[in-house]
Amino acid sequence: MAIRPILHYPDKRLRIPGKPVTDFGPEFQQLVEDMAETMYAAPGVGLAAPQIGVSLRLFVIDVATGDDEPSDLRVFTNPELLELEGSVLFDEGCLSFPGAREEIERAERVRVRALDRHGEAFELEADGLLAIAIQHENDHLDGKLMIDKLGVLRRRLLHRSMVKRATAAAMA
Ligand code: NI
């Protein structure tokens, strides 16, 4: 297993939409392992393939919190959001926006259909943090980022602070 570097906004590769996964062979299994390891190391509750520069429709989520709770890794391949219900404001972070927290409006409940890491189809109804994470990670597969959901002023502020951070990191 290996930890892969996570791309940070405004890296343009975050805008490349993912292609459907068709091959669930060893290379894909390795990718899933690497994504889980990268997410846990960050640490984060979700990671989408485009965030490590891989343009595939794949994300991993683990919303188990706390050391005494067993891990609950979920793999979503070629996901489709079938139903969105209700609306809720949630303070979101993103591994591609280090240090940023933004209040974002999301559906409260979702029904999603996806394939697991072996290509087996499943359907899931989710609410709470899992529902938020599914919507957030699913956006990444279309090259959409949480900054897109902000109003003009907050979008500009976040953009500027991320560009400043990226410039400082490049000069370090
Ligand atoms: Ni994200």
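Helix H2 gives the most to the lining of the largest pocket, namely five residues, where helices (H or I, at least four residues) and strands (E, at least two) are DSSP runs numbered from the N terminus. This is a predicted model, in which local features need pLDDT of at least 70 and side-chain atom pairs count only at pLDDT 80 or more, while totals for chains, interfaces and linings use all residues. Residues are numbered from 1 along each chain as its sequence is written, and side-chain values use heavy atoms, with hydrogens and water left out.

**Pockets**

- A pocket is an open set of points on a 1 Å grid over the protein atoms alone, where a 1.4 Å probe fits and protein lies on both sides within 12 Å along at least five of seven lines; lining residues have an atom within 4 Å of a point.
- The largest pocket has a volume of about 410 Å³, a volume being the space filled by probe spheres set on the points, which are joined across faces, edges and corners.
- Of the 21 residues that line the largest pocket, Val45, Glu92, Gly93, Cys94 and Arg101 are the closest to its centre.
- The lining of the largest pocket divides into 11 nonpolar, six polar and four charged residues, where Ala, Val, Leu, Ile, Met, Phe, Trp, Tyr, Cys and Pro count as nonpolar, Asp, Glu, Lys and Arg as charged, and the others, Gly among them, as polar.
- The second largest pocket holds about 200 Å³ of space, and its lining includes Arg4, Phe28 and Leu56.

**Nickel site**

- The nickel ion is coordinated by Cys94 (SG), His136 (NE2) and His140 (NE2), at 2.1 to 2.2 Å; donors are N, O and S atoms within 2.8 Å of the metal (3.2 Å for Na, K and Ca), and water is not among the atoms, so sites may look incomplete.
- Cys94 lies in the loop between strand S4 (88–92) and strand S5 (102–106) and His136 in helix H2 (residues 128–141), so the pair ties together parts that are 42 residues apart in sequence.
- Cys94 is buried (under 20% relative accessible area, with a 1.4 Å probe and protein chains only), and His136 is buried as well, at 6% relative accessibility.

- Leu130 touches Ile61, Val63, Arg74 and Leu124 (heavy atoms within 4.5 Å), not counting residues up to four places away in sequence.

Key: Buried < 20%, exposed > 50% of the residue type's maximum accessible area, 1.4 Å probe, protein only.
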